[in-house]
Amino acid sequence: MRRSNTYANAALTRFLGNSPGWYKLTIVFFLMLNPIVLLQFGPIVTGWLLIGEFIFTLAMALKCYPLQPGGLLAIEAVVAGLTHPDQIYLEVSANLPVILLLMFMVAAIFFMKDMLLFVFTKLLIKVRQKLLLSLLFSFLGALLSAFLDALTVTAVLISAAVGFYSVYHQVASGKRAEEPHDNNNDEYFQAERRHDLHQFRAFLRSLLMHGAVGTALGGVSTLVGEPQNLLIGQKMGWDFVDFLVHVAPVSATTLLVGLATVVVVERFHLFGYGATIPDEVFEILRKFDEQERETRTKSDMFALMVQFAGAIFLVFALALHLAEVGIIGLTVIILLTSFNGVTDESRLGRAFQEGLPFTALLVVFFTIVSMIHEQHLFSPVIEWVLSKDLSQQPAMFFIANGLLSAISDNVFVATVYITEVNDAFQAGRISREHFDTLAVAINTGTNLPSVATPNGQAAFLFLLTSAIAPLVRLSYMRMVYMALPYTLSLSLSGLFAVMLFL
């Protein structure tokens, strides 16, 4: 009996590693509950239950990386027959551009980190006023994501924030630059410095959230801003300019409202915003910048110039859509590593450490999406909207898209809706003009309200599961809380713009 208990304890200890015991038991409970619900209530109820459970694993990302518990739930969905491997493969194949983007573009950003730290350190030092800095982060996030992918822009923000945090944390811990250091270990911090650390974390959290929401503001406006935009543009036959013009009445309105929201939450210190950079932290970053400038060699300058050139090429290649985003990312990797002499396999491997776990998690997410597709969980909503009067449909599509995109993948939601509307147009049920209006409502509905949770925006999910999230204590619920003012302002302004201007 003792031997059995020992093995049972070992199994519980090994299962999901260092996660809390209550979390492990919760996942086991989910795995045992789902077959019972399937037998008693059928696949529809079980499908919605699995979605809720998967969202729970995302919400607890700081307790356990969602790949393992979410993956176990996804495997159970396949075993239970709620989806099938062939359907999962089709879902993954349809989203291959996003997977390639994560594999190669995030790694490309890694090889630009010195240049990014250089640029953002200068920005941080030159712009002392927090409100102006927040507006800059939000506007730059919007501007860049209109031409780049939101995940790429988020990777830039993460890289810069990790750089800031690492510089301060190492210096404040009493470590020299050349010494190995663990940014997660606060034991070397003196008591009087811990308040500054907490404030600096709040400062970085707010900038990251302003920038991440900015990617949604800009991503909604152009053909290349979000993956679903390309899909919608293809169905509609719109080129870059056509897409920009059709969406402008809504995207321009929400951009102004989004920037106004930055001002309000920062000015009145609402929803976790308003924290400023502590003076000591600022001095450390300023001295770091001076030190870097004084010790920078010709070789270092050349490396920075190569990275700047790579960034310029990246912007133009993506804006002109010379190739799929992931292929452009691989091209940037080859160029930057070639001209900066990074040829060692171990150094190359480190660039992929950030993106590949999230890539694996995204494939698990596509398994849940394929279950939604096979069980037609969203079909009642679609049929209900299409049954409404034509004048009501744009607003109803915006609302329905927004609600579903907040809990599911907005690419999937957009795919389902634009396909249904296209079928209605081909059948002669709606005019071309109305088809254009519904396409804009679908695009903005999947892009704007989806900032509510990390489930709806891949960029938010990427931020939540990145290296910076545990460093600045950015949990799932904190993201939802900090996104709430944006969720309300963007959803309402987007809805009014759809009703008034389309």
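**Salt bridges, pockets and surface**

A: K122 is partly exposed, with a relative accessible area of 26%. Keep in mind that the model is a predicted one.

Q: What does K122 form a salt bridge with?
A: The partner is D289, and the closest N and O atoms are 3.2 Å apart. This pair links distant parts of the chain, with K122 in helix α7 and D289 in helix α13, 167 residues apart.

Q: And D289, buried or exposed?
A: D289 is buried, because its relative accessible area is 9% and the cut-off for buried is under 20%.

Q: How many salt bridges are there in the whole structure?
A: The search finds 7.

Q: Which residue does D279 pair with?
A: D279 forms a salt bridge with R128, the closest N and O atoms being 3.8 Å apart. D279 is in helix α13 and R128 is in the loop between α7 and α8 (130-147), so the pair ties together parts 151 residues apart in sequence.

Q: How accessible are those two, D279 and R128?
A: D279 counts as exposed at 58% relative accessibility. R128 is partly exposed, with a relative accessible area of 42%.

Q: What about K130, which residue is its salt-bridge partner?
A: That is E266, with the closest N and O atoms 3.3 Å apart. K130 sits in helix α8 and E266 in helix α12 (residues 240-267), so to speak distant parts of the chain, 136 residues apart.

Q: Are K130 and E266 buried or exposed?
A: Both K130 and E266 are buried.

Q: Which residues do salt bridges with shared partners join into one network?
A: K122, D289 and R293.

Q: OK, pockets. What volume does the largest pocket have?
A: About 1,500 Å³. The lining consists of 43 residues, and F110, K113, D114, L117 and S159 lie nearest the centre of this pocket.

Q: Which helices supply at least two residues of that lining?
A: They are α6 (96-110), α7 (113-126), α9 (150-172), α13 (279-295), α14 (298-319), α16 (345-350) and α23 (468-471). Of the elements, α9 gives the most, with 7 residues.

Q: How do the lining residues of the largest pocket divide by type?
A: There are 20 nonpolar, 13 polar and 10 charged residues in the lining of the largest pocket.

Q: Next, the second largest pocket. What is its volume, and which residues are where?
A: The second largest pocket has a volume of about 800 Å³. It is lined by 35 residues, of which A94, N95, L231, V411 and T415 lie nearest its centre. The elements giving two or more residues to this lining are α5 (85-94), α6, α11 (227-236), α17 (355-374), α18 (379-386) and α20 (410-426).

Q: Switching to the surface. Which residues make the nonpolar patch?
A: M301, F302, M305, I312, F313, V315, F316, L320, L322, L335 and F339 make a nonpolar surface patch of about 1,100 Å². The elements that give two or more residues to the patch are α14 and α15 (325-339).

Q: What share comes from α14?
A: The largest one, 7 residues. M305 is in helix α14.

Q: Backbone now. What is the phi of L16?
A: L16 has a positive phi of about 60°, although it is not a glycine. L16 is found in the loop between α1 (2-14) and α2 (21-41), and it counts as buried at 14% relative accessibility.

Q: And what about the phi of H376?
A: H376, also not a glycine, has a positive phi of about 55°. H376 is in the loop between α17 and α18 and counts as exposed at 52% relative accessibility.

Q: Where is L377, and is it buried or exposed?
A: L377 is in the loop between α17 and α18, and at 4% relative accessibility L377 counts as buried.

How values were computed
Residues numbered from 1 in each chain as written. Predicted model: local features only at pLDDT ≥ 70, side-chain atom pairs only at ≥ 80, totals over all residues. Heavy atoms only, no water. 1 Å grid on protein atoms, 1.4 Å probe; cavity = no way out; pocket = protein on both sides within 12 Å on 5 of 7 lines; lining within 4 Å. Points joined across faces, edges and corners; volume = space filled by probe spheres on them. Helix = DSSP H or I, 4+ residues; strand = E, 2+ residues; numbered from the N terminus. Nonpolar A, V, L, I, M, F, W, Y, C, P; charged D, E, K, R; others polar. Patch = residues over 30% accessible without salt bridge, like charges linked within 9 Å, V, L, I, M, F, W, Y side chains within 5 Å. Areas by Shrake-Rupley, 256 points an atom, 1.4 Å probe, with all protein chains shown as cover. Salt bridge = Lys/Arg side-chain N within 4 Å of Asp/Glu carboxyl O. Buried < 20%, exposed > 50% of the residue type's maximum accessible area, 1.4 Å probe, protein only.
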